[in-house]
Amino acid sequence: MFERLGRATAIMAAGATLALTIATGSAGAAFGPLPPANPYLGPLGTATMHGDAASSDATPFPGPGAVTVRADFHELAAACPTILQGADGIPQALCTKMIDRAPTVFLLDPANGDTLASLDLAKGSLLGGVYAYLDEQDRMVTVDGSGDLLRIGHQRGADGKWKLSIDSRSNVSQAVTAHCGGGSCDAVSSVMPDYDGRVWFATDNAAAGFVDPATGAAKAILLGPGESVANSISSAPEGVAIATSHALYLVDADAAGNPRVLWRQAYDRGPARKPGQLSWGSGATPTFFGPGSGTEYLAITDNAANKENLLVFDTVTGATVCSIPAINGTENSPVATGNSVFVASTYGYPYPQLPANAGPSQPESAAFTGGMTRIDVTGSGCSVVWTIDVPSAAVPRLSVADGKIYTIARRGPFGSGSGGSGSLGTGSGGGSGSAGAVTDSYAYTVIDAATGKVDTEQRVGASIIHDTLQMVGTIAPGQVQYQGTLSGFFRITAR
């Protein structure tokens, strides 16, 4: 136990120093530090869906900025919520095909976003085709429908052509289903390494465990009967955070090498799923953040009726730091760094389709109006700094390099209600979905994180294939932003 804490302290100190250097290296930047870099992940900011192991949704890289942008749309006939980039500079996308909902990995040309290679994976849990990460060797790590933990590498052949291939497999199916009698009774929804190299996973039915990197053996425990996991998991030197449909957990491995629960905090899950959410419970992936080590706080949102609360806990003890009303409802993870947390509303978002087990919402439907708020953790609790009405259609990304929040705004039919100077993205199409989905437009949006002022909003798409579906944007080195959509992704750069 003490050895683990000592190693964690050393990692946190080194990571905090690096993050603080990044955060203060640009004039006017006032946010940070970033969480410490996980040695078993790819680069900080681009190795996971939410940027890092802590799921901060903050990045050390500047975005394209409040300038006129070029938004090139790449049609893949697949929804692409996970676009990552390794130390080799090559982007990789994990997408779910529209036809059969099976996952496919795409290797992308960093110069223009074109597909260099692709690899189809076995269909399994819907979320098994969403939450993945890049390891320290730039390999994509995920669990597919076969029940195997895969490490997917890429190579360039003598003929100059790229290829994706499975470098290794570790079967986790027995550990995943042991709590429910085996067979196909459960499936992995998310994976993330801890700071000792174990690959942790959570399942649809709230089992949690890990694969030992030395032996390949998998172990798991059931967190709570009747609970479920519908979001990603996060890790910090203090442990691994998992939000179920009922509670927030911090887990780690004990001295005997078995998974254990360090603490559990139940939250108000409300009377039912809200419109604009995909499951009944917190819509948040847990977010580690803090002004010192970068991970001393842990945040989620609850599902309280009327207005949901931002909940901030002490990472080590699980004690409540604050609970404050934030937004009317959200499916998004909080964005957080230093003392600041940003929460965007998804209440009423018109998803074209819901998961089969989503259940009814209360009320049955609602208009999507959006909204975003900044809440700071203070010595006496938490306080609201600003609130704006931007209808964010993506999980926002905060750049500590330029102090800007990058997102996509959803507006009315073809350009109505959008402002700023703009350029149209390439690509067009149609489709069917919820009311307004076919004709709504989507706008690249930059917000000043300090003040909440919208610096620019530029239309980049105007059809259902451009629907960003509250997916996360990734900011890569070189001021390139990748944003997944229902049918592919945008590559956004300064014009």
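These legends walk you through a few close-up views of a predicted model.

View 1. Of its 495 residues, 61% count as buried. Among contacts between residues at least 6 apart in sequence, 58% join residues at least 24 apart.

**View 2. Strands S11 and S12 form a hairpin with 5 residues between them.** Look for Gly197 in the turn, which has a positive phi of about 95 degrees. The two strands pair in the antiparallel sense over 5 bridges, and Ser190 has Ala202 in S12 as its bridge partner. Strand S11 (residues 188–193) is largely enclosed by the rest of the structure, because 6 of its 6 residues are buried.

**View 3. Cys80 and Cys95 are joined by a disulfide, with 2.1 Å from S to S.** This link is right-handed, with 105 degrees about the S-S bond. Cys80 sits in strand S3 and Cys95 in strand S4, 15 residues apart. Both Cys80 and Cys95 are buried.

**View 4. Here a disulfide joins Cys180 to Cys185, with 2.0 Å from S to S.** The torsion about the S-S bond is about 65 degrees, so this disulfide is right-handed. Cys180 is partly exposed at 32% relative accessibility, and Cys185 is partly exposed at 28%.

**View 5. The disulfide of Cys322 and Cys382 is left-handed, because the torsion about its S-S bond is about -65 degrees.** Cys322 lies in strand S22 and Cys382 in strand S26, so the pair ties together parts that are 60 residues apart in sequence. Both Cys322 and Cys382 are buried.

Definitions and conventions
Residues are numbered from 1 along each chain as its sequence is written. This is a predicted model: local features need pLDDT of at least 70, side-chain atom pairs count only at pLDDT 80 or more; totals for chains, interfaces and linings use all residues. Side-chain values use heavy atoms; hydrogens and water are left out. Buried means under 20% relative accessible area, exposed over 50%, partly exposed in between (1.4 Å probe, protein chains only). Contact means heavy atoms within 4.5 Å. Helices (H or I, at least four residues) and strands (E, at least two) are DSSP runs, numbered from the N terminus. Two strands pair if DSSP finds at least two bridges between them. A disulfide is a pair of cysteine sulfur atoms within 2.5 Å.
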